[in-house]
Amino acid sequence: MATRSLLQSLLLLVLLRAPRAVSEVGTASYYGPPYERTECYGEGSSQFPESNLFAAVGDGLWDLGRACGREYEVRCISDAQSGPGPCKPGSGSIRVKTVDYALSVESSVSAPRQSVTGADLVLSEAAFEAIANPSVDSISVEFKEL
């Protein structure tokens, strides 16, 4: 009985020390102001972090609205085909807060403020420009929930 209890304690310790999230790879695009109303918080500017590093998430991350408030660490990993690369040199990772639902190809007839429909993450302009060349519409990213 003591051995079983010890094994259970060790298993619990291993699980508690395990990483919280595994990184995923996806696509990020951007959307621009005015940032007025979101699916998560309705209207008002107080919902946006002072850093202006926030995002809308696509269908795969939306989780029926439970994604609201989740934070992600995002890093640009796009490869340059030619010319200036899509990733901003030396940018590293940024932390964004989920405040909205991104339009998908299926749900969007027209997405005038969203650079690409169907992206996993649609970053605010400030967040996108912190890690990417602003002349591109979308980038490949590695992201994980914090």
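**Entry 1: E24**

I looked up E24 and found it partly exposed, with a relative accessible area of 43%. My scale for this: buried means under 20% relative accessible area, exposed means over 50%, and partly exposed lies in between (1.4 Å probe, protein chains only). E24 sits in strand β1. I take helices (H or I, at least four residues) and strands (E, at least two) as DSSP runs, numbered from the N terminus.

Next I asked which residues E24 is in contact with, leaving aside its neighbours within four places in sequence. They are L61, V141, E142 and F143, where contact means heavy atoms within 4.5 Å. E142 is 118 residues away from E24 along the chain, yet their C-alpha atoms are separated by 5.5 Å.

**Entry 2: ground rules**

A note to myself: this is a predicted model, so I keep to its limits: local features need pLDDT of at least 70, side-chain atom pairs count only at pLDDT 80 or more, and totals for chains, interfaces and linings use all residues. Residues are numbered from 1 along each chain as its sequence is written, and side-chain values use heavy atoms, with hydrogens and water left out.

pLDDT is the predictor's confidence in each residue, from 0 to 100. The chain has a mean pLDDT of 82, and 76% of its residues reach 70 or more. I marked residues 106-111 with a pencil: pLDDT stays under 50 there, and the model has seven contacts for them beyond four places in sequence.

**Entry 3: the whole chain**

I counted three helices and eight strands in the chain. Their pattern along the sequence is α-β-β-β-β-α-β-β-β-α-β. Of the 146 residues in the chain, 34% are buried. I also looked at contacts with a separation of 6 or more: residues 24 or more positions apart account for 75% of them.

**Entry 4: the barrel**

How many strands make up the closed barrel? I traced six, running β1-β7-β4-β6-β5-β8, with mixed pairing. Two strands pair if DSSP finds at least two bridges between them. A reminder from class: strands of a sheet pair through backbone hydrogen bonds, either parallel or antiparallel.

I then went through some of the pairs. β4 and strand β7 (residues 121-124) run antiparallel and are joined by three bridges. There, V57 has L121 in β7 as its bridge partner.

β5 pairs with β6 in the antiparallel sense over five bridges. β5 also pairs with strand β8 (residues 139-145), again antiparallel and over five bridges.

Which side chains of β5 (residues 71-76) are buried? Y72, V74 and C76 are, and they point to one face.

**Entry 5: aromatic pairs**

I searched the whole structure and found eight aromatic pairs. Rings of Phe, Tyr and Trp (its six-membered ring) pair if their centres lie within 6.5 Å; planes under 30 degrees apart count as stacked, over 60 as edge-to-face and the rest as tilted.

One of the pairs is Y31 with F54, which is edge-to-face at 6.3 Å centre to centre, with 80 degrees between the planes. Y31 lies in strand β1 (residues 24-31) and F54 in strand β4 (residues 54-57), so this pair ties together parts that are 23 residues apart in sequence. Y31 is buried at a relative accessible area of 6%, and F54 is buried at 0%.

Another is W62 with Y101: the ring centres are 4.9 Å apart and the planes stand at 50 degrees, so the pair is tilted. This pair links distant parts of the chain, with W62 in helix α2 (residues 59-62) and Y101 in strand β6 (residues 93-101), 39 residues apart. W62 is buried at 15% relative accessibility, whereas Y101 is partly exposed at 23%.

I also noted one aromatic cluster, formed by Y31, Y35, F48 and F54.

**Entry 6: back to W62**

What does W62 touch, not counting residues up to four places away in sequence? I listed E39, C40, V57, A67, C68, D100 and Y101. Last, I checked W62 against D120: they are 58 residues apart in sequence and 9.3 Å apart in space, C-alpha to C-alpha.
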